[in-house]
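Subject: Structure handover

Hello,

Here is the structure we talked about. Please open it before you read on.

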Amino acid sequence: MTDLSPDPFAPVQLGPVRLRNRIVKAATSEGRSPDGRVTDDLIDFHRTFAEGGVGMTTVAYCCVSPQGASAPGQIVMDTDALPGLRKLTDAVHGAGAAVSAQLGHAGVVAPKKLTGVTAMAPSRFVNPTSFAYCREIRRDEIAVVIEQFGAAADIAVESGFDSVELHFGHLYLPSSFLSPVINRRKDEYGGDIDNRSRLVREIARRVREVVGDRIAVIAKLDMDDGLPGSIWIDEALRTVALLDADATLDAIELTQGSSVYRPMYLFRGDVPVREFTKVMPPMMRPGVRLLGKRVMGSYPYEDLYMLPAARQFVPIMKNTKLILLGGITNREHVETGMREGFELVAMGRALLREPDLVTKMMTDAGVRSRCTHNNKCMVTVFGRTHCVLDPEQRYGAAEPLDTPRLRAVTS
């Protein structure tokens with residue numbers, strides 16, 4: 001690091017919250033709340049990352065409403081969830097880390113089989129993966145969704161969370177408004193990128209109004225989503241500039257990919273077709289075996305694979321910290337992020353493999369992650385998310401694949 005680069009293992013201020021270091025455990029589907037409520041298994045999962053040294057861990061995809069669920073077993077942020085969530089945050093705090101709740105509404109990938117209602121999108125849309133029809137969301141329903149994000153954030157405050165992460169990525173409902181492919185509206189929420197950015201700005205503004213300075217507010221936002229003609233860096237730069245000027249967010253975590261099209265664009269590396277085939281219903285297995293790689297997409301893994309796109313955003317930030325995600329597996333990568341102007345980094349698969357990797361990096365600058373990027377952990381979301389190379393994991397039984405569970409992969 002240069003003398004001007006921050007020490008990644010020193011405390012950092014994130015809005016009103018002081019983190020013990022600049023390493024965030026990224027949201028990864030957990031599969032540990034089968035009834036949509038906090039379990040001891042989920043608590044242990046996050047406590048492990050806290051004990052392993054992260055500055056903050058992120059509870060993946062907490063729904064702002066039952067209709068916003070993307071997969072079975074997701075926690076809905078309501079008063080019934082409060083006791084379990086409080087137990088979870090207390091456990092993480094007891095291990096020395098902060099904890100964030102990722103808040104989301106699935107929109108185009110909310111399966112009717114699960115929610116009981118037709119999925120909503122900015123405009124009428126047919127999901128190219130599930131072939132499910134999505135109806136256009138009404139103006140009054142947009143206002144309801146904004147309030148649902150605010151109410152969910154209030155539950156997070158009451159539950160003891162240090163932060164909320166607003167899921168503005170992966171073509172879930174807020175993100176789909178940013179996409180010119182999905183958003184063909186003619187009102188103030190459609191048209192040019194300033195109008196298409198209106199919903200994410202209004203959600204961020206409402207959440208900030210609700211939480212004030214009690215907790216930090218982060219957004220996870222796509223730089224590009226991999227869907228041809230959809231979100232790309234040029235317009236994402238404008239969205240981020242607008243959010244930064246609003247000064248409603250403490251940090252933005254930059255991401256890529258979607259839950260709608262070729263999910264491997266987010267993950268990169270090996271495509272676990274054989275493993276997905278095994279958990280599919282028998283009648284679907286031949287098709288998955290034959291077309292799985294084409295449907296999921298195939299993109300080579302590189303260390304720091306999101307950095308070339310993400311560095312475009314550094315010069316425009318004035319009020320908001322940036323979090324670097326994607327292919328961060330060792331201390332050198334973390335320090336590269338600091339030199340490039342990012343103030344925090346987020347790690348996912350590498351911490352699934354070694355929950356104590358941050359502590360190892362602090363004590364040994366040369367340590368290297370044992371993650372091989374085989375991506376077989378993607379398939380474990382059908383039971384309990386885990387690294388398949390960890391012999392000490394007590395694996396949950398995999399379930400037959402249903403379409404809704406595939407949505408959980410791209411938290």
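Below are notes on the cavities, then on a surface patch.

This is a predicted model: local features need pLDDT of at least 70, side-chain atom pairs need 80 or more, and totals for chains, interfaces and linings use all residues. Residues are numbered from 1 along each chain, and side-chain values use heavy atoms, without hydrogens and water.

**Cavities**

The structure holds three cavities of 30 Å³ or more. A cavity is a set of points on a 1 Å grid, over the protein atoms alone, where a 1.4 Å probe fits but cannot get out; lining residues have an atom within 4 Å of a point. A volume is the space filled by probe spheres set on the points.

The largest cavity has about 380 Å³ of space. Its lining has 29 residues, with A27, T28, F267, G348 and R349 nearest the centre. Helix 14 (349–353) supplies at least two of the lining residues, as do helix 9 (264–267) and strand 13 (344–347). Helix 14 gives the most, with three. Helices (H or I, at least four residues) and strands (E, at least two) are DSSP runs, numbered from the N terminus.

The second largest cavity has a volume of about 100 Å³. It is lined by 13 residues; R349, C371, N374, C377 and C387 lie nearest its centre.

**Surface**

V126, F131 and Y133 make a nonpolar patch of about 350 Å². Y133 lies in strand 8 (residues 133–136).

Best wishes

Conventions:
Patch = residues over 30% accessible without salt bridge, like charges linked within 9 Å, V, L, I, M, F, W, Y side chains within 5 Å. Areas by Shrake-Rupley, 256 points an atom, 1.4 Å probe, with all protein chains shown as cover. Salt bridge = Lys/Arg side-chain N within 4 Å of Asp/Glu carboxyl O. 1 Å grid on protein atoms, 1.4 Å probe; cavity = no way out; pocket = protein on both sides within 12 Å on 5 of 7 lines; lining within 4 Å.
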